[in-house]
Amino acid sequence: MSITTRAAVVESGGAPFTLSEVELDAPGPHEALVRMVATGLCHTDLSVASGALPFPLPGVLGHEGAGVVEAVGSRVTGVAPGDHVVLSFTSCGTCRNCHGGHPAYCATWLPLNLIGGRRADGTRTVGRGGEPLGGHFFGQSSFAERALVDERSLVKVDPDVPLESIAPLGCGVQTGVGAVWNVLKPEAGSALVVLGAGAVGLSAVMAAALTPATTIIAVDRVPERLALAEELGATHTIDATEESVPETIHHLTGYRGADGVVETTGNVAVLSEGVDALAARGTLVVVGAPPFGTEVSLDVNGLLAGKRIVGLTLGDSETQAFIPALVRLVREGRLPLHRLISTYPFADIDRAVRDMTAGKAIKPVLTF
């Protein structure tokens, strides 16, 4: 028996979000019905909505959901009706990387999360007027008042923490934090650089401030975001419109270079500058995603000093342990995520999109 709910539907690439009545399937054995309380808006949602990625449209996006479980399938064991949950990506749970604690590199990650639009068995989770819609986005499609969520997307969280304050943990925040904690793992005295002071970059700055790193440099083109980065833990900032980024980084690090760089912009010229700014044996983490097929030119001899370039998906996080830890840090005020969030009623999703695109909002969160 299907469930009727209201969702923000993208009709075709480049079209705006349109509120529409849709029908959800009843939860399958490994699914739950979640009443949404809040959901973050991410650049990945906008990229798919623009038609830049081959997700089946019309469809329902949204992948930073937070809500309350209303019903569960017959084989769901991790959550029960009434539980508060943060929704993150899904994974198969059976491949080598899933078993090894790296579900963000699941063998079926792309079709299950980003481009498939349906369950692993090929069935659809959402329809309208008898016609199927693209859904199952990151196992959730949370731009809706209710979402049919894959069990492996569900993370039970502390019910005392307001869900609108932690919705972005499911993607952007855990990506920035994971880049620092799970990949760079800074040692005492390390120098870290974060290229781009958006939601992911500022999350990386906050994460770096909770490590033994002593130099934390934020780079952006917007003075207000650089000022916020300083308030969140950056020891130095660089305005890329006024200074040479590699030269300034070398100066600030005593001409040693950066031990770690987090690249969040998706701009290959910025990525190249980040590589130039690395110290010997330094690591650059590629987080920003340019269009498919984008290539970058690098000086090979410049890499021979032990420099490493590492791609990253969703912080390389094991969500069942990682997200509850982040929730605790938010609750205790040690991860001041509220400084990034601007809330909007769900019906104002297009205003949230405009504000995000214009740079007026760092992390829009839609509330229901």
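Guide: The buried residues of helix 10 pack against strand 6, strand 10 and helix 4 (172-184), where contact means heavy atoms within 4.5 Å. The model is predicted: local features need pLDDT of at least 70, side-chain atom pairs count only at pLDDT 80 or more, and totals for chains, interfaces and linings use all residues. Residues are numbered from 1 along each chain as its sequence is written, and side-chain values use heavy atoms, with hydrogens and water left out.

Helices (H or I, at least four residues) and strands (E, at least two) are DSSP runs, numbered from the N terminus. Helix 10 covers residues 319-331, 13 residues in number, and spans 18 Å from its first C-alpha to its last. This is close to the 18 Å expected at 1.5 Å a residue, the expected span being 1.5 Å times one less than the number of residues.

Buried in helix 10 are T319, F322, I323, L326, V327, L329 and V330. Viewed down the helix axis, these buried residues fall within an arc of 160°, so they line one face of helix 10; the arc is that of the directions from the axis to the C-beta atoms. The face turned away from the buried side carries the exposed residues A321 and R328. Buried means under 20% relative accessible area, exposed over 50%, and partly exposed in between (1.4 Å probe, protein chains only).

Strand 6 (residues 84-87) runs antiparallel to strand 5 (residues 65-72), joined by three bridges, and V68 stands opposite H84. Three bridges also join strand 6 to the antiparallel strand 10 (residues 154-156), with L87 opposite L154. Two strands pair if DSSP finds at least two bridges between them.
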